[in-house]
There are 2 protein chains.
Amino acid sequence: MKKLLLIALILFLKSNFSQNYSSPDSNFQLSFSTNEKGEFYYQLKYKDKFVVKNSRLGFVMNDNGDFFSSFEIENVKENYFNEKWSTVWGEVDSILNQYNEVKVTLKQVSSNRFLIITFRIFNDGLGLRYDFPKQENLKYFIVKDELTEFSLSGNHKAFWIPGDYDSQEYTYTTSKLSEVNSSKGLSFDDIIVKSIPGNNFVQTPLMLKSDDGLYINIHEAALLDYPVMYLEVDKQNFVLRTHLCPDVFGNKAYLQTPFNTPWRTIIVSEKAEKILESNLILNLNEPSKIEDVSWIKPQKYIGIWWGMHVGLYSWNYADLDNTRIETTDWQNLKPNGKHGATTERTKRYIDFAAKYGFDAVLIEGWNVGWEDWFGHWKEDVFDFITPYPDFDVEEVSNYSKAKSVNLIMHHETSASVTNYERRLDEAFRFLKNYNYNSIKTGYVGRIIPRGEHHDGQWMVNHFTRVLEKAAKEKICIDSHESVRPTGLHRTYPNWLSAEASRGNEFNAWSEGNPPEHETILPFTRLIGGPMDYTPGIFQLRMDYYSPENKFQVHTTLAKQLALFVIMYSPVQMAADLPENYERFPDAFQFIVDVPVNWQKKKVLSAEPGDFIVIARKDRNSDNWFLGAVTDENEREFNLSLGFLDEGNYEATLYCDSNDANWKTNPMSYKIEKRFVTNSDKIKIRLAEGGGCAISFIKK
Amino acid sequence: MKKLLLIALILFLKSNFSQNYSSPDSNFQLSFSTNEKGEFYYQLKYKDKFVVKNSRLGFVMNDNGDFFSSFEIENVKENYFNEKWSTVWGEVDSILNQYNEVKVTLKQVSSNRFLIITFRIFNDGLGLRYDFPKQENLKYFIVKDELTEFSLSGNHKAFWIPGDYDSQEYTYTTSKLSEVNSSKGLSFDDIIVKSIPGNNFVQTPLMLKSDDGLYINIHEAALLDYPVMYLEVDKQNFVLRTHLCPDVFGNKAYLQTPFNTPWRTIIVSEKAEKILESNLILNLNEPSKIEDVSWIKPQKYIGIWWGMHVGLYSWNYADLDNTRIETTDWQNLKPNGKHGATTERTKRYIDFAAKYGFDAVLIEGWNVGWEDWFGHWKEDVFDFITPYPDFDVEEVSNYSKAKSVNLIMHHETSASVTNYERRLDEAFRFLKNYNYNSIKTGYVGRIIPRGEHHDGQWMVNHFTRVLEKAAKEKICIDSHESVRPTGLHRTYPNWLSAEASRGNEFNAWSEGNPPEHETILPFTRLIGGPMDYTPGIFQLRMDYYSPENKFQVHTTLAKQLALFVIMYSPVQMAADLPENYERFPDAFQFIVDVPVNWQKKKVLSAEPGDFIVIARKDRNSDNWFLGAVTDENEREFNLSLGFLDEGNYEATLYCDSNDANWKTNPMSYKIEKRFVTNSDKIKIRLAEGGGCAISFIKK
């Protein structure tokens with residue numbers, strides 16, 4: 001009997017083979033095999049439907065190129081994992097992490113080198129990654145290409161943005177995979193730096209819907225010391241092939257064993273709602289590396305910011321176009337009269353924040369250099385420590401302390417990252433000195449070191465480095481124009497949020513974001529982590545500020561409120577001007593009430609590109625909040641309130657009025673109060689481009 | 001009369017023209033002209049001999065490419081300058097700076113942009129540079145090519161090394177310009193990083209000798225915010241064309257007006273000795289930017305260094321080939337038993353330094369990371385703050401303070417400059433804390449940011465940045481594998497010295513430096529500034545350390561002594577092991593006596609590639625020191641001592657013994673004492689590859 005088993009094992013290890021491994025609930029079936037060339041393939045089924053057909057794994061290296069064939073399976077190890085863990089902050093207070101793990105050790109016979117492929121099969125999808133163990137014949141190596149494939153079962157519908165090494169700030173296109181073409185139909189002339197490798201490349205998180213009814217989301221988790229993954233679309237065979245962000249030599253990653261790649265993730269469900277409820281990405285990230293997390297606090301904030309986007313204020317203090325940070329006489333410039341970040345205005349914002357219970361105030365344009373910060377690939381732009389003459393950092397700091405309002409430091413780097421890194425020690429000393437507790441970073445422009453990209457390994461390491469340095473100093477980060485999240489906020493909970501997508505600001509000065517935009521983002525960008533979308537615009541038409549400005553936000557006012565629930569972020573901005581909020585105090589009450597940290601999440605209804613309805617329970621009370629948004633189509637929902645806990649709630653409904661319409665009448669809303677329990681239903685109607693927000697206050 | 005003048009002036013400005021401008025002593029004649037295309041040319045004569053024939057000036061830009069034609073001369077301004085200035089330290093205590101300046105303002109008619117060309121005509125040569133004034137139509141620009149030409153009058157003899165973006169560590173070839181070919185006859189397999197753009201490129205300082213008896217040296221002065229200049233040799237027409245070190249995009253410099261380029265320099269004399277006495281390069285640099293220079297002190301030093309080169313010791317503590325700076329357990333590595341920088345050895349070196357009056361001790365290999373520092377283009381190699389377990393930095397620091405010996409910090413960056421810059425604040429805090437007063441920096445390997453070169457604008461700015469930061473902290477710099485000097489030690493007197501050439505170390509582990517090497521370096525590399533050549537090797541054959549090591553230093557012992565006078569550096573190393581010095585205490589006395597800071601310099605006799613004899617007067621006493629070196633040929637000199645001041649001197653002659661020979665009998669020397677005055681002559685004989693050192697102690 002023993003002998004037989006051994007023979008079976010040997011056969012199993014030495015020959016091509018195929019065997020099924022399942023998710024804990026048995027809905028997913030994973031199998032893998034090597035072919036006659038020793039190439040390694042995997043496939044994934046969900047309830048007997050193919051999610052991924054035979055798809056290759058492996059690498060091309062810079063030296064000894066082939067690391068994808070001549071593989072023999074050395075051994076296979078299985079493991080079951082089941083754990084519940086608590087979040088520091090987030091959409092839910094605890095998360096179940098349950099999976100079957102399969103570790104396949106491959107030996108490349110030709111080179112006597114080893115590669116481990118680890119699969120984790122969850123009840124909501126699959127994660128797979130490569131481990132390069134410490135070994136004699138592989139110490140330092142350069143990845144030329146990663147060959148990971150996702151061979152799909154058909155010509156799925158895709159919600160995609162173009163692959164771009166430097167930006168994710170695109171509107172989404174919905175098309176069949178066969179119709180992916182980033183040279184067509186996209187309006188992205190408003191994107192500042194574009195680096196598109198070709199027309200068939202798309203970014204992740206990529207949302208797909210198959211004709212046989214599966215919602216599939218492909219992304220990555222735990223992106224560390226490695227470049228961003230894009231997907232090249234084979235439009236004939238519906239195979240997605242990994243394309244990594246290169247450096248200037250076309251090299252993808254400079255690595256040293258032991259090393260493991262990020263996880264390649266596939267979330268799958270028959271229900272769109274379950275995609276939004278998945279925690280697979282977070283589960284594939286490591287627990288917090290920060291031991292004491294008591295200082296990390298979600299925050300709702302306002303800022304001196306939107307005023308610049310609508311043209312009322314300027315970041316810059318003077319009007320000049322040829323300055324040098326080290327030699328310009330900043331104290332004696334002639335002010336242009338529009339500078340936003342003055343001491344007086346900042347104090348008024350602090351007053352407003354204190355009055356309405358906001359945690360923090362962001363001040364942009366406080367520091368010298370904005371006259372001439374952009375577009376010249378210039379290295380020494382900002383010094384991060386010199387305020388403009390009309391911004392008294394000491395006075396502002398003292399005032400904010402007295403009012404118990406936090407200050408958010410703004411570090412725009414203009415993508416001159418070498419400059420930022422070499423000034424970082426001093427910049428941190430400065431901000432700690434003035435009592436700032438978080439930083440909004442910005443990376444607008446072409447990266448310096450010249451030749452690097454926002455999404456390359458070097459920049460990925462930069463972002464991690466800033467997180468680690470910030471953690472040491474007990475500082476939180478909200479990164480703009482950064483790499484898009486991959487669940488790393490589990491490991492670095494001081495990474496509160498990121499932009500890394502097309503935010504609300506585009507509505508102020510460009511063709512903007514179409515009404516469907518916010519019904520897609522939660523299925524794409526937000527799968528990786530929170531986004532600082534900056535919702536809450538009340539004054540939706542820009543001609544209010546100047547008649548010639550014909551741009552407008554592509555939502556109704558009620559939808560702007562709903563976004564506080566739909567677009568999860570632990571650092572959530574009420575982006576409009578205080579004076580606009582004071583024009584609509586009844587609507588503003590929702591922003592005052594809505595929290596930024598949650599206990600529970602319930603996705604009531606969702607379809608990417610069409611609509612999303614989410615209910616969330618406050619982490620620090622028994623109150624619930626609901627947001628519903630639609631695309632350019634009017635919709636009605638008859639919502640069961642079964643998600644509420646036992647007891648009575650006062651529901652306040654902030655809805656589109658009957659004649660509201662995102663384009664023609666966006667600011668028309670109505671507010672209604674009623675008492676409800678969890679056995680009630682509520683009928684709501686969303687206007688074209690509209691939304692609805694509801695607070696349920698426990699009585 | 002007035003009217004006539006005006007007409008003449010207009011003609012002068014608007015038409016092609018040629019006019020002569022002279023040096024103060026009238027020996028040099030400069031003229032310039034524009035041709036029918038509006039291209040600008042200059043030429044230079046010395047006593048009616050052409051130094052430079054009609055040679056173009058101008059630029060190609062990245063945008064609006066042509067910045068070399070369509071020029072009109074807008075105006076010409078002349079100025080005479082005459083000043084004597086004092087050096088902080090140096091070869092002489094004061095320097096005469098006397099020149100006629102001609103500033104030519106050019107207007108590019110096609111673009112309405114302006115360029116100023118500034119000529120300074122000295123009695124020993126010419127400096128010319130470009131100024132881009134602040135102007136409406138030129139703010140930011142990228143230099144694609146600088147077109148500066150040096151059209152020589154014939155097929156001169158040249159002493160050259162190959163143009164290389166990353167290294168100057170070559171032996172020199174002596175050939176006609178027409179025979180320049182860096183693919184032939186050079187042995188440079190021992191150079192670690194080579195980036196040679198082509199076979200016809202040479203580096204500066206370039207030493208030339210014309211058939212009609214002129215010595216010509218071409219280099220640059222005040223290289224700031226700009227890449228290194230190489231010269232492309234047109235072997236048919238003997239035109240040298242500027243080639244700037246590119247970045248990875250082929251861009252040369254990212255600039256902003258106002259800006260001026262470095263000076264392009266031509267030193268000319270009928271006498272080789274005068275080339276070595278020229279201060280033209282220093283004169284073209286700006287005065288010290290450091291106000292308080294009282295803390296800047298030249299120093300003679302020893303170090304834990306040569307022991308590694310000869311294989312006795314190792315930089316690394318353990319033998320490993322796959323480490324990570326942040327995660328390796330450095331404290332518990334298994335020592336290899338050869339580690340050089342131990343606490344005990346360092347204390348012995350401090351004792352030795354104290355005993356013989358050395359100012360400082362350099363300790364290399366004190367910090368973790370050396371196990372695996374090289375060759376992988378790895379970014380996080382050193383942290384600059386963590387000592388090996390057998391190096392007690394606190395104990396060493398206290399011991400050195402007690403013995404009044406300075407410590408020289410060693411910062412090997414392995415060319416990972418991003419890593420160095422981001423750790424620099426902490427590294428400086430560390431070294432200040434432990435009382436180090438200078439840093440030997442090292443840049444071995446391929447530069448990170450990947451794609452940059454040692455000689456590119458980005459790295460030039462890095463070196464300046466380190467100098468400025470060091471100056472703030474009162475730290476001196478001795479940079480190895482850095483950009484070669486261009487007289488910037490006038491502006492940054494804390495830049496004591498640099499390697500940036502092929503030093504003595506090559507003799508320990510390679511084919512080495514031929515006997516002529518040190519007769520060429522003062523005419524080439526040292527024209528730009530001091531070199532840390534590390535002379536003073538007494539144990540000249542390496543088989544002393546291990547029988548299989550057949551390498552040897554290509555000089556006699558006496559020549560090693562002479563190098564302390566020939567190879568000027570304010571931070572001069574006695575490079576051999578203390579135990580070797582103690583084997584030859586009589587010869588070592590010269591090293592003990594010789595100073596490193598000088599009042600006067602007299603070049604008694606010199607011919608590049610053949611021999612050099614220099615006498616120098618100590619800055620702090622009335623003593624003189626003389627060094628004489630020869631190439632592979634034996635030579636005799638009958639030296640007049642007229643350079644000595646009035647009075648009696650005890651002369652100690654450290655000479656090759658009669659049977660000395662660099663190859664077969666290098667360590668044979670004789671020492672002789674006699675009393676002399678300035679009316680005496682001394683006859684000395686140098687062996688093949690030999691030298692002679694003489695101290696003249698005032699009685």
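Mentor: Let us begin with a pair of strands: E9(B) is joined by 7 bridges to strand E10 (residues 125-132) of chain B, and the two run antiparallel. This is a predicted model, in which local features need pLDDT of at least 70. Residues are numbered from 1 along each chain as its sequence is written.

Trainee: What makes E9(B) and E10(B) paired strands?

Mentor: Two strands pair if DSSP finds at least two bridges between them, and strands are DSSP runs of E, at least two residues long. With 7 bridges, E9(B) and E10(B) therefore pair. B:Arg120 has B:Gly127 in E10(B) as its bridge partner, and a hairpin connects E9(B) to E10(B) through 2 residues.

Trainee: How many bridges join E8(B) to E9(B)?

Mentor: Strand E8 (residues 94-108) of chain B is joined to E9(B) by 10 bridges, and these strands run antiparallel. B:Gln108 stands opposite B:Arg113 in E9(B). Their hairpin has 4 residues between the strands, and B:Asn112 takes a positive phi near 55 degrees there.

Trainee: Why is strand E9 of chain B called mostly covered?

Mentor: Buried means under 20% relative accessible area (1.4 Å probe, protein chains only). In strand E9 (residues 113-122) of chain B, 9 of its 10 residues are buried.

How values were computed: Chains are lettered from A and ligands numbered from 1 in the order in which they are written. This is a predicted model: local features need pLDDT of at least 70, side-chain atom pairs count only at pLDDT 80 or more; totals for chains, interfaces and linings use all residues. Side-chain values use heavy atoms; hydrogens and water are left out. Buried means under 20% relative accessible area, exposed over 50%, partly exposed in between (1.4 Å probe, protein chains only).
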